[in-house]
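Subject: Structure handover

Hi,

Here is the structure I promised to pass on to you.

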Amino acid sequence: MSDTPAPVTTTDDATGVFVEHRELMFGVVYNILGSVADTEDVLQESWLSWTARGGGAPLEGVDNPRAYLVRIAVNHALTRRATISRRRETYVGPWLPEPLVAVDEHDGAEDPALRTESVSLAMLVVLESLSPLERAVFVLHEVFGYAHTEIAEIIDRSPAAVRQLAHRARGHVHARRPLYEAHPRVRREATERFVRAAVGGDIAELMEVLAPDVTVWTDAGGKRKPAALRPVHGRDKALRFFGSYGRKGGAGHLELRYRRVNGDDAVVLFQGGEPYAVLVLDLTPDGDRVSGVYVVSNPDKLTHVPREAA
(Lines give C-alpha, C1' and ligand atoms only; values in the text may rest on other atoms or scores of the structure.)
Protein backbone atom coordinates (compact mmCIF):
# COMPACT_ATOMS: atom_id res chain seq x y z
CA MET A 1 0.00 0.00 0.00
CA SER A 2 1.33 3.41 -0.97
CA ASP A 3 1.93 6.02 1.76
CA THR A 4 1.40 8.85 -0.73
CA PRO A 5 -1.61 10.92 0.41
CA ALA A 6 -4.49 11.33 -2.00
CA PRO A 7 -4.53 14.74 -3.73
CA VAL A 8 -6.83 17.33 -2.21
CA THR A 9 -9.23 18.90 -4.65
CA THR A 10 -11.65 20.99 -2.59
CA THR A 11 -12.54 24.54 -3.55
CA ASP A 12 -10.72 25.90 -0.49
CA ASP A 13 -7.57 24.02 -1.45
CA ALA A 14 -7.78 25.32 -5.02
CA THR A 15 -8.25 28.86 -3.74
CA GLY A 16 -5.22 28.51 -1.48
CA VAL A 17 -3.06 27.31 -4.38
CA PHE A 18 -4.16 30.23 -6.54
CA VAL A 19 -3.44 32.77 -3.79
CA GLU A 20 -0.05 31.17 -3.16
CA HIS A 21 0.99 31.76 -6.78
CA ARG A 22 -0.88 35.02 -7.42
CA GLU A 23 2.18 37.17 -6.76
CA LEU A 24 4.21 35.27 -9.35
CA MET A 25 1.39 35.48 -11.90
CA PHE A 26 1.02 39.21 -11.28
CA GLY A 27 4.73 39.78 -11.93
CA VAL A 28 4.78 37.74 -15.15
CA VAL A 29 1.58 39.24 -16.56
CA TYR A 30 2.43 42.84 -15.60
CA ASN A 31 5.80 42.61 -17.34
CA ILE A 32 4.08 41.24 -20.46
CA LEU A 33 1.34 43.91 -20.49
CA GLY A 34 2.80 46.97 -18.72
CA SER A 35 -0.60 47.75 -17.21
CA VAL A 36 -1.74 47.14 -13.63
CA ALA A 37 -5.43 47.37 -14.53
CA ASP A 38 -5.11 44.87 -17.39
CA THR A 39 -3.01 42.60 -15.20
CA GLU A 40 -5.74 42.54 -12.56
CA ASP A 41 -8.30 41.70 -15.26
CA VAL A 42 -6.11 38.88 -16.58
CA LEU A 43 -5.71 37.44 -13.08
CA GLN A 44 -9.48 37.50 -12.69
CA GLU A 45 -9.85 35.67 -16.01
CA SER A 46 -7.19 33.19 -14.88
CA TRP A 47 -9.08 32.62 -11.64
CA LEU A 48 -12.28 31.88 -13.54
CA SER A 49 -10.45 29.46 -15.84
CA TRP A 50 -8.84 27.80 -12.83
CA THR A 51 -12.07 27.35 -10.86
CA ALA A 52 -13.95 26.11 -13.92
CA ARG A 53 -11.35 23.42 -14.57
CA GLY A 54 -12.38 19.83 -13.94
CA GLY A 55 -15.97 20.74 -13.28
CA GLY A 56 -15.00 22.70 -10.20
CA ALA A 57 -12.12 20.47 -9.10
CA PRO A 58 -9.13 22.46 -10.40
CA LEU A 59 -6.46 20.37 -8.66
CA GLU A 60 -7.71 17.08 -10.06
CA GLY A 61 -4.96 15.59 -12.23
CA VAL A 62 -2.63 18.62 -11.98
CA ASP A 63 0.88 17.51 -11.00
CA ASN A 64 2.36 21.01 -11.01
CA PRO A 65 -0.21 23.70 -10.11
CA ARG A 66 2.39 26.48 -10.32
CA ALA A 67 3.27 25.67 -13.94
CA TYR A 68 -0.40 25.20 -14.82
CA LEU A 69 -1.42 28.58 -13.35
CA VAL A 70 1.43 30.44 -15.05
CA ARG A 71 0.42 28.85 -18.36
CA ILE A 72 -3.20 30.00 -17.89
CA ALA A 73 -2.09 33.53 -16.96
CA VAL A 74 0.41 33.90 -19.81
CA ASN A 75 -2.09 32.76 -22.43
CA HIS A 76 -4.76 35.12 -21.12
CA ALA A 77 -2.12 37.89 -21.17
CA LEU A 78 -1.23 37.16 -24.81
CA THR A 79 -4.91 37.44 -25.71
CA ARG A 80 -5.16 40.72 -23.78
CA ARG A 81 -2.21 42.17 -25.76
CA ALA A 82 -4.46 42.43 -28.81
CA THR A 83 -6.94 44.54 -26.84
CA ILE A 84 -4.16 46.81 -25.59
CA SER A 85 -2.81 47.23 -29.12
CA ARG A 86 -6.21 48.33 -30.41
CA ARG A 87 -6.56 50.76 -27.51
CA ARG A 88 -3.20 52.33 -28.31
CA GLU A 89 -4.22 53.03 -31.91
CA THR A 90 -6.43 55.88 -30.66
CA TYR A 91 -4.30 56.91 -27.67
CA VAL A 92 -3.47 60.63 -27.46
CA GLY A 93 0.27 61.31 -27.23
CA PRO A 94 3.11 58.98 -26.17
CA TRP A 95 2.16 55.78 -24.38
CA LEU A 96 4.11 54.68 -21.28
CA PRO A 97 3.62 51.66 -19.01
CA GLU A 98 1.54 52.04 -15.87
CA PRO A 99 4.00 52.56 -12.99
CA LEU A 100 4.24 50.39 -9.89
CA VAL A 101 4.78 52.78 -6.98
CA ALA A 102 5.87 51.76 -3.48
CA VAL A 103 4.00 53.11 -0.46
CA ASP A 104 7.06 55.05 0.70
CA GLU A 105 10.60 55.66 -0.47
CA HIS A 106 12.17 53.08 1.84
CA ASP A 107 10.20 49.91 1.37
CA GLY A 108 7.48 48.48 -0.81
CA ALA A 109 7.60 45.06 0.84
CA GLU A 110 4.03 45.32 2.09
CA ASP A 111 2.80 45.55 -1.51
CA PRO A 112 2.84 42.08 -3.14
CA ALA A 113 3.14 43.63 -6.60
CA LEU A 114 6.42 45.28 -5.61
CA ARG A 115 7.87 42.05 -4.23
CA THR A 116 7.81 40.52 -7.69
CA GLU A 117 10.77 40.72 -10.05
CA SER A 118 11.15 44.42 -10.81
CA VAL A 119 11.61 45.56 -14.39
CA SER A 120 12.39 49.24 -14.79
CA LEU A 121 9.99 51.56 -16.55
CA ALA A 122 12.65 52.20 -19.21
CA MET A 123 12.99 48.46 -19.83
CA LEU A 124 9.22 48.09 -20.13
CA VAL A 125 9.29 50.80 -22.81
CA VAL A 126 11.85 48.75 -24.76
CA LEU A 127 9.79 45.59 -24.34
CA GLU A 128 6.87 47.35 -26.05
CA SER A 129 8.79 47.05 -29.33
CA LEU A 130 8.80 43.24 -29.18
CA SER A 131 6.10 40.98 -30.56
CA PRO A 132 3.77 39.53 -27.90
CA LEU A 133 5.42 36.10 -28.08
CA GLU A 134 8.94 37.56 -28.01
CA ARG A 135 8.02 39.62 -24.98
CA ALA A 136 6.50 36.66 -23.15
CA VAL A 137 9.59 34.54 -23.83
CA PHE A 138 11.94 37.34 -22.77
CA VAL A 139 10.04 37.97 -19.52
CA LEU A 140 9.80 34.29 -18.62
CA HIS A 141 13.44 33.49 -19.45
CA GLU A 142 15.40 36.67 -18.69
CA VAL A 143 13.36 37.99 -15.75
CA PHE A 144 11.93 34.88 -14.10
CA GLY A 145 14.53 32.31 -15.10
CA TYR A 146 12.31 29.77 -16.87
CA ALA A 147 14.10 27.25 -19.07
CA HIS A 148 13.30 27.19 -22.79
CA THR A 149 11.71 23.76 -22.40
CA GLU A 150 9.39 25.08 -19.68
CA ILE A 151 8.45 28.11 -21.79
CA ALA A 152 7.71 25.81 -24.73
CA GLU A 153 5.03 24.08 -22.66
CA ILE A 154 3.60 27.40 -21.44
CA ILE A 155 3.14 28.96 -24.89
CA ASP A 156 2.63 25.70 -26.79
CA ARG A 157 5.66 26.04 -29.06
CA SER A 158 8.62 23.77 -29.71
CA PRO A 159 11.82 24.36 -27.68
CA ALA A 160 13.60 25.26 -30.93
CA ALA A 161 10.99 27.93 -31.71
CA VAL A 162 11.31 29.30 -28.17
CA ARG A 163 15.10 29.51 -28.47
CA GLN A 164 14.70 31.45 -31.72
CA LEU A 165 12.19 33.83 -30.12
CA ALA A 166 14.51 34.29 -27.14
CA HIS A 167 17.50 35.03 -29.37
CA ARG A 168 15.61 37.68 -31.36
CA ALA A 169 14.16 39.30 -28.25
CA ARG A 170 17.46 39.37 -26.38
CA GLY A 171 19.32 40.85 -29.35
CA HIS A 172 16.70 43.56 -29.84
CA VAL A 173 16.58 44.49 -26.15
CA HIS A 174 20.34 44.58 -25.70
CA ALA A 175 20.73 46.75 -28.80
CA ARG A 176 18.38 49.36 -27.33
CA ARG A 177 19.04 48.93 -23.63
CA PRO A 178 22.58 48.84 -22.13
CA LEU A 179 23.20 46.09 -19.63
CA TYR A 180 24.57 48.67 -17.21
CA GLU A 181 22.26 49.73 -14.39
CA ALA A 182 23.20 52.72 -12.25
CA HIS A 183 23.81 52.19 -8.55
CA PRO A 184 20.73 53.18 -6.50
CA ARG A 185 22.69 55.95 -4.74
CA VAL A 186 23.81 57.38 -8.09
CA ARG A 187 20.23 57.22 -9.41
CA ARG A 188 18.86 58.93 -6.32
CA GLU A 189 21.44 61.74 -6.52
CA ALA A 190 20.77 62.28 -10.24
CA THR A 191 17.01 62.32 -9.62
CA GLU A 192 17.31 64.89 -6.81
CA ARG A 193 19.65 67.04 -8.89
CA PHE A 194 17.31 67.02 -11.89
CA VAL A 195 14.24 67.79 -9.78
CA ARG A 196 15.96 70.72 -8.04
CA ALA A 197 17.01 72.18 -11.37
CA ALA A 198 13.65 71.63 -13.08
CA VAL A 199 11.55 72.97 -10.21
CA GLY A 200 13.89 75.88 -9.61
CA GLY A 201 14.12 76.79 -13.28
CA ASP A 202 17.91 76.49 -13.16
CA ILE A 203 18.70 76.25 -16.88
CA ALA A 204 22.46 76.09 -16.33
CA GLU A 205 22.06 73.12 -13.99
CA LEU A 206 19.67 71.41 -16.40
CA MET A 207 22.24 71.86 -19.15
CA GLU A 208 24.70 70.00 -16.96
CA VAL A 209 22.43 67.17 -15.90
CA LEU A 210 20.70 66.45 -19.24
CA ALA A 211 22.57 64.41 -21.85
CA PRO A 212 22.79 66.01 -25.33
CA ASP A 213 20.57 63.27 -26.81
CA VAL A 214 18.06 63.16 -23.94
CA THR A 215 14.47 62.19 -24.75
CA VAL A 216 11.41 63.25 -22.74
CA TRP A 217 8.20 61.19 -22.85
CA THR A 218 5.05 62.70 -21.34
CA ASP A 219 2.12 60.30 -21.13
CA ALA A 220 -0.97 62.33 -20.27
CA GLY A 221 -3.46 60.55 -22.51
CA GLY A 222 -4.83 63.95 -23.55
CA LYS A 223 -6.06 64.53 -19.99
CA ARG A 224 -3.33 66.80 -18.56
CA LYS A 225 -1.84 70.07 -19.77
CA PRO A 226 0.80 71.00 -20.66
CA ALA A 227 2.06 67.77 -22.21
CA ALA A 228 3.97 67.01 -25.40
CA LEU A 229 2.05 65.00 -27.97
CA ARG A 230 5.30 63.47 -29.22
CA PRO A 231 8.55 62.48 -27.52
CA VAL A 232 10.85 65.49 -27.12
CA HIS A 233 14.33 64.68 -28.46
CA GLY A 234 17.50 66.59 -27.70
CA ARG A 235 18.68 68.76 -24.82
CA ASP A 236 17.71 72.12 -26.36
CA LYS A 237 14.12 71.02 -27.01
CA ALA A 238 13.94 69.41 -23.56
CA LEU A 239 15.07 72.67 -21.96
CA ARG A 240 12.40 74.60 -23.84
CA PHE A 241 9.78 72.06 -22.79
CA PHE A 242 10.67 72.25 -19.10
CA GLY A 243 10.93 76.03 -19.34
CA SER A 244 7.46 76.19 -20.87
CA TYR A 245 6.13 73.86 -18.21
CA GLY A 246 7.53 76.09 -15.48
CA ARG A 247 6.18 79.31 -17.01
CA LYS A 248 2.71 77.80 -17.27
CA GLY A 249 2.87 76.77 -13.66
CA GLY A 250 2.59 73.06 -14.34
CA ALA A 251 -0.31 71.82 -12.24
CA GLY A 252 -0.14 74.61 -9.69
CA HIS A 253 0.66 73.63 -6.11
CA LEU A 254 2.47 70.32 -6.40
CA GLU A 255 4.17 68.36 -3.63
CA LEU A 256 7.13 66.11 -4.42
CA ARG A 257 7.73 62.74 -2.81
CA TYR A 258 10.59 60.39 -3.55
CA ARG A 259 9.31 56.87 -4.08
CA ARG A 260 10.43 53.55 -5.50
CA VAL A 261 8.86 53.10 -8.92
CA ASN A 262 9.31 49.70 -10.60
CA GLY A 263 12.23 49.14 -8.25
CA ASP A 264 14.03 52.43 -9.02
CA ASP A 265 14.24 55.73 -7.15
CA ALA A 266 11.83 58.18 -8.74
CA VAL A 267 9.50 61.08 -7.92
CA VAL A 268 5.74 61.21 -7.45
CA LEU A 269 4.01 64.58 -7.71
CA PHE A 270 0.89 65.08 -5.60
CA GLN A 271 -1.80 67.74 -5.79
CA GLY A 272 -4.13 67.95 -2.81
CA GLY A 273 -3.04 64.49 -1.64
CA GLU A 274 -3.90 62.92 -5.00
CA PRO A 275 -1.19 61.64 -7.38
CA TYR A 276 -0.68 64.05 -10.26
CA ALA A 277 2.31 62.52 -12.07
CA VAL A 278 5.10 59.97 -11.75
CA LEU A 279 8.54 60.99 -12.98
CA VAL A 280 11.24 58.39 -13.69
CA LEU A 281 14.73 59.06 -15.06
CA ASP A 282 16.96 56.92 -17.22
CA LEU A 283 20.70 57.57 -16.90
CA THR A 284 23.67 57.36 -19.26
CA PRO A 285 25.99 54.35 -18.75
CA ASP A 286 28.37 56.39 -16.59
CA GLY A 287 25.42 57.51 -14.48
CA ASP A 288 26.25 61.21 -14.45
CA ARG A 289 23.61 62.49 -16.90
CA VAL A 290 19.95 61.95 -17.69
CA SER A 291 19.31 60.21 -21.02
CA GLY A 292 15.57 59.76 -20.63
CA VAL A 293 12.74 61.39 -18.70
CA TYR A 294 9.46 59.48 -18.37
CA VAL A 295 6.47 61.42 -17.04
CA VAL A 296 3.21 59.50 -16.50
CA SER A 297 0.37 61.92 -15.69
CA ASN A 298 -2.66 60.22 -17.25
CA PRO A 299 -5.04 59.92 -14.26
CA ASP A 300 -6.21 56.52 -15.48
CA LYS A 301 -2.66 55.19 -14.99
CA LEU A 302 -2.31 56.61 -11.47
CA THR A 303 -5.29 54.91 -9.83
CA HIS A 304 -3.01 52.34 -8.14
CA VAL A 305 -0.53 54.93 -6.83
CA PRO A 306 -0.75 55.08 -2.99
CA ARG A 307 -2.39 58.33 -1.85
CA GLU A 308 -0.78 60.81 0.51
CA ALA A 309 -2.00 60.83 4.09
CA ALA A 310 -4.03 63.92 4.96
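Two strands count as paired if DSSP finds at least two bridges between them. The helices (H or I, at least four residues) and strands (E, at least two) are themselves DSSP runs, numbered from the N terminus. With that settled, strand E5 (residues 274-283) and E6 run antiparallel and are joined by six bridges. Leu283 stands opposite Val290 in E6.

Before the rest, some bookkeeping. This is a predicted model, in which local features need pLDDT of at least 70 and side-chain atom pairs count only at pLDDT 80 or more, while totals for chains, interfaces and linings use all residues. Residues are numbered from 1 along each chain as its sequence is written, and side-chain values use heavy atoms, with hydrogens and water left out.

**The chain overall**

The secondary structure comes to ten helices and six strands. Of the 310 residues, 48% count as buried, where buried means under 20% relative accessible area, exposed over 50%, and partly exposed in between (1.4 Å probe, protein chains only). Taking contacts (heavy atoms within 4.5 Å) between residues at least 6 apart in sequence, 67% join residues at least 24 apart.

**The sheet**

The six strands form an open sheet in the order E2-E1-E6-E5-E4-E3, with mixed pairing. E2 and strand E3 (255-261) stand at the edges with a single partner strand each, so one side of each has no neighbour in the sheet. Strand E1 (residues 210-219) has eight of its ten residues buried, so it is largely enclosed by the rest of the structure. E1 runs parallel to strand E6 (residues 290-296), with six bridges joining them, and antiparallel to strand E2 (residues 232-233), with two bridges.

Which residues of helix H6 (residues 148-155) are buried? They are His148, Ile151, Ala152, Ile154 and Ile155. These residues cover an arc of only 165 degrees around the axis, which puts them on the same side of H6; the arc is that of the directions from the helix axis to the C-beta atoms. They pack against H3, helix H5 (132-143) and helix H7 (159-176).

Most residues other than glycine have a negative phi. Asp156, which follows H6, has a positive phi near 60 degrees. Asp156 sits in the loop between H6 and H7 and counts as exposed, at 58% relative accessibility. Asn262 has a positive phi too, of about 50 degrees, although it is not a glycine. Its place is the loop between E3 and strand E4 (264-271), and Asn262 is buried, with a relative accessible area of 4%.

**Rings and charges**

There are six aromatic pairs in the structure. Rings of Phe, Tyr and Trp (its six-membered ring) pair if their centres lie within 6.5 Å; planes under 30 degrees apart count as stacked, over 60 as edge-to-face and the rest as tilted. Phe18 and Trp47 have ring centres 5.1 Å apart and planes at 70 degrees, so this pair is edge-to-face. It links distant parts of the chain, with Phe18 in helix H1 (residues 11-33) and Trp47 in helix H2 (residues 36-52), 29 residues apart. Phe18 is buried, at 6% relative accessible area, whereas Trp47 counts as partly exposed at 24%. Phe26 and Tyr30 form a stacked pair, 6.2 Å centre to centre with 10 degrees between the planes. Both lie in helix H1, four residues apart, about one turn of the helix, and both are buried. Phe194, Phe241 and Phe242 form one aromatic cluster.

A charge sits over a ring if NZ of Lys or CZ of Arg is within 6 Å of the ring centre and within 35 degrees of the ring normal. Arg53 lies over the face of Tyr68, at 5.0 Å from the ring centre, and Arg188 over that of Tyr258, at 4.4 Å.

**One buried arginine**

Arg80 is found in helix H3 (residues 65-88) and is buried, with a relative accessible area of 13%. Not counting residues up to four places away in sequence, Arg80 touches Leu33, Asp38, Asp41, Val42 and Glu45.

Best wishes, and enjoy exploring!
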